[in-house]
Amino acid sequence: MYIPNENRYRDMVYRRCGGSGVKLPVLSLGLWHNFGAITPYGTQRDLLRTAFDCGITHFDLANNYGPPYGEAERNFGRLMDEDWRPHRDELFLSTKAGYDMWDGPYGNWGSRKYLVSSIDQSLKRMRVDYVDVFYHHRPDPETPVEETMGALDYIVRSGKALYAGISNYGPAEVEAAIKELKRLGTPCLSDQPRYSMLGRHIENGLTDVLRREKTGCIVFQPLAGGMLTGKYLNGIPADSRMAVDNRFLKPDSLTEDTLRRVRALKEIADARGQKLHHLALQWVLRDEVITSALIGASRPEQILDNVQILSMPPLSGEELRRIDEILA
Ligand code: NDP
């Protein structure tokens, strides 16, 4: 039987998610990679236990995380029964729908038909009565925002999710979605965009909207899938994501320009006596508009390593300036 670390809430930092009543850990764990059929079940169990033992209360899923699609939710559901049911009220669980999930016209994008069917499937796979937040995973240019947000509102009102969220929306789309959800009386808890030292697009207007609208911002891929650990500076290690499961992280993302930046950033981390991924996580979290950084991990030691940032000194103005120069 799993007995969580009794000191799990001692060191973690929790930030308020926008203007809501909810606080989230500054590091959350995503189940996109390493929770499908190609990862040993025991590793998955240890990843979740290690995260929770460190105070990471937020686990992020989506309908199509795997492989195959649905498998991460199914594995989570088994673990829910084995480990997590006694701790359900200490967990903040999310899932999403918006990308391709099943064949035919109703298993993709943003219709009410897709979202409502998908949340019902997700709850069954995850073996829970509700999730804490249900996201529309990406904007749908063809479905009216009123229909998609209406579906999120319905899902919250029917108790299948406690909060609604959106992901991968641009600034104008975020603004329209927030406005519509507000009108419906189900405020948008959080946006979930990509953000890292190698991808700063959210600084071009999106964070301004979220700050103004008091909406949370839970950023994904703060380590650029592992590129901001420095592990790819001398080739592709055999046990890395790019070697083991490169469905999304392709060797051609290791351009000369990216490697040059990563090398220069690593020099700053070295001078601070820390690893590059510590610097990358601290940098993403430097502005309180960011509620949480959603990390992935292939082994529990990485989670233990990453939470070390909680006791590291903040970045100085001079360090931030040099990082801006490198990333310019
Ligand atoms: P990261 O950028 O955090 O990359 C995680 C990977 O980096 C790990 O799997 C591991 O890869 C490596 N790593 C992490 N910590 C360390 C460490 N301390 N030392 C060495 N290597 C380390 O994020 P992910 O790409 O995993 O994405 C995180 C989550 O974001 C997803 O699980 C998902 O929940 C969410 N997400 C949401 C999306 C959306 O559209 N809304 C899209 C993508 C992600 P390795 O295998 O090399 O060890």
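In which loop is arginine 127 found? Arginine 127 belongs to the loop between α3 and β6, where helices (H or I, at least four residues) and strands (E, at least two) are DSSP runs, numbered from the N terminus. The structure is a predicted model, in which local features need pLDDT of at least 70 and side-chain atom pairs count only at pLDDT 80 or more, while totals for chains, interfaces and linings use all residues. Residues are numbered from 1 along each chain as its sequence is written.

Arginine 127 has a positive phi of about 55° although it is not a glycine. With 16 other C-beta atoms within 10 Å, arginine 127 is partly exposed. In the terms used here, a residue is buried if 20 or more other C-beta atoms lie within 10 Å of its own, exposed if 12 or fewer, and partly exposed in between, with C-beta atoms placed from the backbone. A positive phi, near 55°, is also found in lysine 214, a residue other than glycine. Lysine 214 is placed in the loop between α6 (206–213) and β9, and it counts as partly exposed because it has 15 C-beta neighbours inside 10 Å.

The barrel is considered next. Eight strands close into a barrel in the order β3-β4-β5-β6-β7-β8-β9-β10, with parallel pairing; two strands pair if DSSP finds at least two bridges between them. Neighbouring strands of this sheet are turned by 30° against each other on average, direction ignored. Strand β4 is joined to the parallel strand β5 (residues 92–97) by three bridges, and aspartate 60 stands opposite serine 94 in β5. In a regular strand the side chains alternate between the two faces of the sheet. In β5 both faces are covered: Phe92, Ser94 and Lys96 on one side and Leu93, Thr95 and Ala97 on the other are all buried.

Strand β10 has partners in both β3 and β9. Three bridges join β10 to strand β3 (residues 27–30), and these two run parallel; serine 28 stands opposite leucine 294 in β10. Three bridges also join β10 to strand β9 (residues 216–220), again in parallel, and valine 219 has alanine 293 of β10 as its bridge partner. Ser292 and Leu294 point one way from β10, Ala293 and Ile295 point the other way, and all are buried.

Helix α4 (residues 145–157) lies across β6 (131–136) and β7 (161–167), running at about 155° to β7. Helix α5 (residues 171–184) touches β7 and β8 (188–192), and its direction makes about 160° with that of β8. Here, two residues are in contact if their C-beta atoms, placed from the backbone, lie within 7 Å. Axes are lines fitted to C-alpha atoms, for helices over the stretch in contact, and angles run from 0 to 180 degrees between N-to-C directions.

Two packed helices are described by the angle between their axes and the distance between the axes. Helix α1 (residues 41–53) and α2 pack at an angle of about 65°, with their axes 11 Å apart. The contact is made by Tyr41, Gln44, Arg45, Leu48 and Arg49 of α1 and by Asn75, Leu79 and Asp83 of α2. The buried residues of α2 include Ala72, Glu73, Phe76 and Trp84, and what covers the buried residues of α2 includes α1, β5 and α3 (112–126).

The loop between β4 (58–60) and α2 (71–84) contains proline 68, and proline 67 lies in the loop between β4 and α2 as well. A cis peptide bond joins glycine 66 and proline 67, with omega about 5°. Another cis peptide bond joins proline 67 and proline 68, with omega about -10°. Proline 68 counts as exposed because it has 11 C-beta neighbours inside 10 Å. Proline 68 and phenylalanine 35 are 33 residues apart in sequence and 10 Å apart in space, C-alpha to C-alpha.

A residue is near a molecule if its C-beta atom, placed from the backbone, lies within 6 Å of it. Of the 29 residues around the ligand, Gly30, Trp32, Phe220, Gly226 and Gly296 come nearest. Two or more residues of the shell are given by each of β10 (292–295) and α10 (300–306), and α10 gives the most, with three residues.
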